[in-house]
Amino acid sequence: MDLRDSPAEAEFRTRLRAWIAANNPGLPVSSTDDEYWARQAEWHTALYDAGFFGLSWPSRFGGHDLPSVFDVILDDELAVAGAPPRPSLGYLVQGIARHASQSIQERFLPGLISGRERWCQGFSEPDAGSDLAALRTTATRDGDEFVINGHKIWTSYSDVADWCFLLARTDPSVAKHKGLSAFAVPMRQPGIEQRPLRMINGITTEFGQVLFDGARVPAENMIGEPGEGWRVAMTIVSHEREPGELGYVARYAKMVKDLEQTVRADPGAFGSEQREAVAWAYVQAEMLRLHVCRRLSERLERVDHGPGGSIDKLLMTWVEQAVGAAALAVAGPRAVIDTNDVGLKIYLYSRAQSVMGGTSQIQKNIIATRILGLPAA
Amino acid sequence: MDARDTPEQAELRRTARQLARELGPRTVADLDDRKRSQRLAEAVRDAGWLELRHDAGDGAPLASGVEAAIIADALGEAVADVAFAGPVLAADLARRAGARPGDGAGVAFAPDLIDAAVVFGPATTTPIHAIDCATGSPTQAYILVPEGAGYRLACVQVDAASDGADLTRMLRSLPAGAPVVAVPDQSRLLTRADLDSWATLGLALTSADLIGLMRGVLELSVAYAKDRRQYGVAIGSFQAVQHLLAEAHCLIEGAFSVALHASWAVDDRAPDEARAAGRVAKAYCARAARTVCETAVQVHGGMGNTWECIVHVYLRRALLSSRWFGDDGEQLRQLERTRLGAPHGPA
């Protein structure tokens with residue numbers, strides 16, 4: 001192993017650092033403020049236009065064909081500067097690149113990567129959470145189109161999305177995993193109703209509910225083959241569970257840095273339990289940084305679409321919740337005196353990490369049966 | 001930037017794991033098999049592994065912290081009852097002092113087991129503890145003697161017995177009054193910075209040992225959960241058991257990532273940064289190892305609580321490796337000191 005920068009990596013780092021210093025938008029932490037989500041699109045296109053996003057993706061889709069470890073440098077530098085993390089959409093890129101036809105890839109990947117077209121992911125439903133394959137939204141063929149009817153929930157960024165990566169039932173006559181197909185559905189059309197969802201920490205612009213009532217999608221927008229939807233969804237969720245794909249290292253590093261600054265500014269005001277909580281959050285965040293570095297190094301050989309994402313998801317969850325616990329500890333009584341306290345908001349949001357993208361219990365089922373080889377329950 | 005093993009490191013990992021599995025104890029009764037443990041000790045010596053941190057001729061060690069950690073990991077995985085980290089750390093200390101290797105077979109530690117023991121006169125005045133010296137015959141452990149602004153190496157005599165909780169590595173407690181023997185021909189005094197760097201290697205090697213222990217004991221536990229039947233089915237089919245084992249597997253993956261980094265930082269990062277990397281690794285690995293070993297005892301049920309079941313051999317060894325050079329609590333306190341400032345106003 002050698003974790004030093006190669007000359008090319010060092011040059012990239014220097015260039016990136018200078019750019020971030022001049023262009024850091026200084027957004028609040030993503031989990032605490034609607035302002036973050038309101039200005040996230042702007043950050044995405046700025047990062048992309050400067051040549052610092054989509055580093056390892058093919059240049060024909062707007063990427064840079066760089067080795068996977070360049071994303072480690074990007075996360076490092078964003079973290080050092082306390083800048084917002086890179087946009088979390090690599091899992092959609094993986095899903096489209098692995099399953100979609102050449103023409104779909106050419107149509108959609110450039111806009112997804114550049115941020116010119118915004119996407120949301122329509123998988124979960126009120127009665128299909130952990131049991132995703134039980135979903136009931138239907139896509140029914142009607143000439144050259146499919147007609148969509150159903151109710152999606154916990155749909156991140158649905159209110160600003162141009163496109164929805166939708167999973168729907170196209171064949172109700174076969175077993176539940178086999179009757180699903182995936183689509184790129186245009187969001188700006190009649191037949192789609194948006195209902196915002198307020199998180200327990202009060203933010204309203206991250207999650208939404210989407211009601212499809214006769215919405216239409218061209219048949220050519222199917223991603224993968226008819227009935228391939230479950231496999232497409234599994235590719236996507238396995239990568240949605242990877243902090244290396246999400247760029248969350250920089251997110252946690254920024255939160256820990258803020259907590260450390262708070263304590264350092266007045267060390268006498270914080271007791272040993274508060275100090276230990278912050279130090280442990282630092283250890284956890286460092287663990288994730290180094291773990292992502294190892295994972296993205298493994299990608300120098302090949303991209304793994306397997307169950308390993310479940311391991312990374314649990315590790316990431318423990319980091320987020322250690323940071324959340326530290327934020328609550330540092331806030332002290334303020335967390336209950338003021339409902340707008342940032343520490344309170346970070347803490348409350350951290351409880352979602354063990355649910356979103358597949359609960360911790362589902363991850364443990366996957367690890368036990370598919371990695372450790374234990375018999376299915 | 002590439003966190004993967006080089007081809008040579010991957011080969012060393014394979015060789016070390018194979019040797020440790022072949023010659024390490026499979027059962028608690030095997031620990032009394034002197035012929036086996038002798039063969040293991042000879043194999044480790046013949047492989048040249050105890051010389052990794054000897055002087056390459058230019059003051060630098062023959063091999064990096066990464067290679068030393070790869071072997072520590074492999075030996076931990078098999079709870080191999082052979083001295084490794086002890087003699088390697090002793091040789092590293094001798095190299096830093098410009099002394100010939102071999103006068104000390106290990107290092108004596110202060111009662112907290114965090115720092116090397118320091119002696120001020122012709123004999124020790126407090127209890128000290130020699131850790132992981134080769135057993136089987138009397139030997140010597142290094143101790144530090146203050147001189148000027150630094151330290152000189154000396155030795156204390158250690159007999160072949162062991163008092164420690166770890167059944168696979170020797171820990172000999174020496175009461176006050178142990179006579180101190182001079183070590184000849186040291187070309188330089190050890191500075192505080194030397195000792196900090198040396199302790200960084202200690203953090204990396206104890207972290208690597210914990211990684212190996214966790215991996216070894218989890219493998220046993222998964223095999224047991226597949227084999228052991230209750231209610232007519234393997235206990236590994238119950239989600240309650242599956243989730244314990246899955247959580248342990250994740251902890252090991254995260255711990256491995258930090259421990260690898262710490263072993264690389266020993267020789268490739270500035271001393272302060274390397275020490276911090278070692279502290280992060282040790283804090284994470286010590287907490288993880290405690291959970292993973294306790295999970296292993298739990299999954300083995302009643303059997304796991306008997307002396308004959310080898311699981312407690314892993315747990316006991318993990319307790320020593322956690323404490324040696326400071327446990328998670330100690331590392332967190334040190335990280336707090338450097339990152340958050342002194343608790344009661346700036347020092």
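The following legends describe close-up views of a predicted model.

**View 1. The domains assigned to chain A.** In this predicted model, the domain assignment of chain A gives domain 1 as residues 7-96, domain 2 as residues 118-227 and domain 3 as residues 235-371. Taken over C-alpha atoms, the centres of domain 1 of chain A and domain 2 of chain A are separated by 28 Å.

**View 2. Where domain 1 of chain A touches domain 2 of chain A.** Here, nine residues of domain 1 of chain A are in contact with eleven residues of domain 2 of chain A. On the side of domain 1 of chain A that touches domain 2 of chain A, helix H2 (34-49) and helix H4 (90-99) of chain A each supply at least two residues, and the largest share of that side, four residues, comes from H2(A). Sorted by class, the residues of this side of domain 1 of chain A divide into six nonpolar, one polar and two charged.

**View 3. The contact between chain A and chain B.** In this contact, 44 residues come from chain A and 42 residues from chain B. On the side of chain B that touches chain A, at least two residues each are supplied by helix H5 (192-227), helix H6 (239-268), helix H7 (271-299) and helix H10 (328-340) of chain B.

**View 4. Helix H6 and the residue classes on the chain B side.** H6(B) provides 16 residues, the largest share of the side of chain B that touches chain A. The residues on that side of chain B comprise 21 nonpolar, twelve polar and nine charged residues.

Key:
Residues are numbered from 1 along each chain as its sequence is written. Chains are lettered from A and ligands numbered from 1 in the order in which they are written. This is a predicted model: local features need pLDDT of at least 70, side-chain atom pairs count only at pLDDT 80 or more; totals for chains, interfaces and linings use all residues. Domain bounds come from an automatic or database domain assignment. Two residues are in contact if their C-beta atoms, placed from the backbone, lie within 7 Å. Ala, Val, Leu, Ile, Met, Phe, Trp, Tyr, Cys and Pro count as nonpolar, Asp, Glu, Lys and Arg as charged, and the others, Gly among them, as polar.
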